[in-house]
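Q: I would like to learn how to read a few features of a protein model. Can we take them one at a time?

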Amino acid sequence: MDIQRLLLFAIFAFSGLYLWQSWEHDQQMKHPQPVTQSATSQQGKALDVPTPDSTAPAATAANAHSTIGVPTSANDAPASALPAVKITTDLYTAEIDPVGGVITQMALLKQPDALDKTKPYYVLQKNSERTFVAQAGLTGDGMPNHRTTYEVLSTQRELKEGEKSFDLRLGATSANGDHIEQILTFRRNSYVIDVTFKVTNASAAAITPYAYFQFTRDTKEAVKRSSMAPKAYTGPVIFDETDKFKKINFEDLDKYAVDPSRALPFTPVNNNGWVAMIEHYFVTAWALPDSNTMQREFYARKTGDGLYSAGMLLPMGSVAPNTSAEVTVPMYAGPQEQDVLKGLAKDLNRVVDYGMFTVIAAPMFWLLKFLHNLIGNWGWSIIAMTFLIRLVFYPLNAAAARSMAKMRVVAPKLKALQEQFKDDKQQLQAKMMEMYRQEKINPLGGCLPILIQMPFFIALYWVLLSAAELRYAPWLGWITDLSAPDPWYILPVLYAISAFLQMKLSPTPITDPTQARMMQMMPVVFSILFLFFPSGLVLYWLVSNLLQIAQQWHVNRMLEREAAAKRSA
């Protein structure tokens, strides 16, 4: 197989792999594996922990508090007679259910909905269409959990002018008479909500409560995206220093629910780390500060009613009679803005999912952001970055352009050989290679830059797919969102024209008619794919093509002048 066939195979395989991944993802979403009730009831046992009545003062790897004590359903809480508490800050509005203090809705005022820019994006919501909520509670005898109805103790609902923060206080009493407060703290210019439990022991004996903090959601995506393009990861992730960044796919939790003997890819108990649910451009995370080394038990599971939970369980220690203890965990619910996430917890910015191309995509985003800070427009920053990438590859591209220009000069000789040996392909190949040696031409030189730059092309795709900073980023005129396809298909058409021009300037030594037709169809194939790809990516490839055309034209003219000078000498 020659290099042209290899190149065609690589391009079609690349496209086919993405389409296959998309189809497989859609099939998994349509046909989830059933979960039996018996399997669901054993999920806590898979963590190798004692019964819910454990009174261990702290969770350790050998003796962890049981997550069986954490209720597993988001939909069986009693209907509340109290209306939802509606919160307003400068960045979002939220609704808190008095039942459990569950955050059932969070609308991000500065992040527009993907389908309707006049509406905010709902990072959390619970309705007939979708369930994605933040829950917290206590485990132990008679302790309130996310099914318990709380009394609303505070009246403030809105962040007032000049205030940096305010609290929403919810109160409940355990079966033993212990007083519990759940305190939610909202801050200005922040998507972080601190969730605090304060337990006051009113009994005659010490108690050892545990607090849990979790997200519960279904598998529905908030935004429907084209099935022609690969999808960003949606689901739970857990990070700790032992196992680093681990994705726990919904499909893995389906299998775990059926067979709890399967191992999930994280260490249940650690003294560091965080748990999150991520989806395209957004993340919700329970993230303790790095300085907090409190023992925590991570868990992820399917609840048995089409929902999935991921969270952490924290010990509050031994609380003596007539004393209090409290625990606070910050919750972030907002866009995956990398600088913000870095400041909240170690490696929280890794929720920005670049896939296997992180090693290239992360530096590319850094460069793109640096240029944006100078230029102020993401589209022009992409163009500037394209110039810089072309500059880095200039020696390689120049050598390739010179090789292809020489191919253009000897094209008449090549055509004569093809006519002379049209019935003897083996002899034709031998004569062509002899001519290439005499003319000092590398016939494969034009393919190498394409193959080398393909990883950068794919990495930029993942940057545009994953970087929340580029969501709804405008460029020029009709391009109002560089992360979305071109609404008027202008860039894909311009790319197709540029690709045909590039082919005319860069002849290839393909003698097989079928291969030649396939190569001629490549601009059309790519243009069709680009109809569904982010316009920022097409802009990058279009500008790169235009620069290549300019370089090739310059080299062609230069070699033609050199050839003319030799003939006249």
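**Reading exposure, helices and sheets**

A: We can begin with one side chain, bearing in mind that the model is predicted. Buried means under 20% relative accessible area and exposed means over 50%. Phenylalanine 370 has a relative accessible area of 41%, so this residue is partly exposed. Phenylalanine 370 belongs to helix α5.

Q: Which residues form the nonpolar patch on the surface?

A: The patch is made of Trp366, Phe370, Leu374, Ile375, Trp380 and Leu476, and together they have about 660 Å² of accessible area. Helix α5 (residues 358–375) supplies the largest share, 4 residues.

Q: What should helix α6 span at 1.5 Å a residue?

A: The expected span is 1.5 Å times one less than the number of residues. Helix α6 (residues 378–392) has 15 residues and should therefore span 21 Å; the C-alpha atoms at its ends are 21 Å apart, which agrees.

Q: Where does a side-chain oxygen of asparagine 377 reach?

A: At the start of α6, that oxygen comes to within 2.8 Å of the backbone nitrogen of glycine 379. Gly379 is among the buried residues of α6, which also include Trp378, Ile382, Met385 and Arg390.

Q: In what order do the strands of the open sheet lie?

A: The 9 strands follow the order β6-β7-β8-β9-β18-β15-β14-β11-β12, with antiparallel pairing.

Q: How many bridges join β7 to β8?

A: Strands β7 (residues 165–173) and β8 (residues 179–187) run antiparallel and are joined by 9 bridges. Opposite isoleucine 180 in β8 stands alanine 172.

Key
Residues numbered from 1 in each chain as written. Predicted model: local features only at pLDDT ≥ 70, side-chain atom pairs only at ≥ 80, totals over all residues. Heavy atoms only, no water. Patch = residues over 30% accessible without salt bridge, like charges linked within 9 Å, V, L, I, M, F, W, Y side chains within 5 Å. Areas by Shrake-Rupley, 256 points an atom, 1.4 Å probe, with all protein chains shown as cover. Salt bridge = Lys/Arg side-chain N within 4 Å of Asp/Glu carboxyl O. Helix = DSSP H or I, 4+ residues; strand = E, 2+ residues; numbered from the N terminus. Buried < 20%, exposed > 50% of the residue type's maximum accessible area, 1.4 Å probe, protein only. Polar contact = N/O pair within 3.5 Å; in protein donor to acceptor, adjacent residues only side chain to side chain. Pairing = 2+ DSSP bridges.
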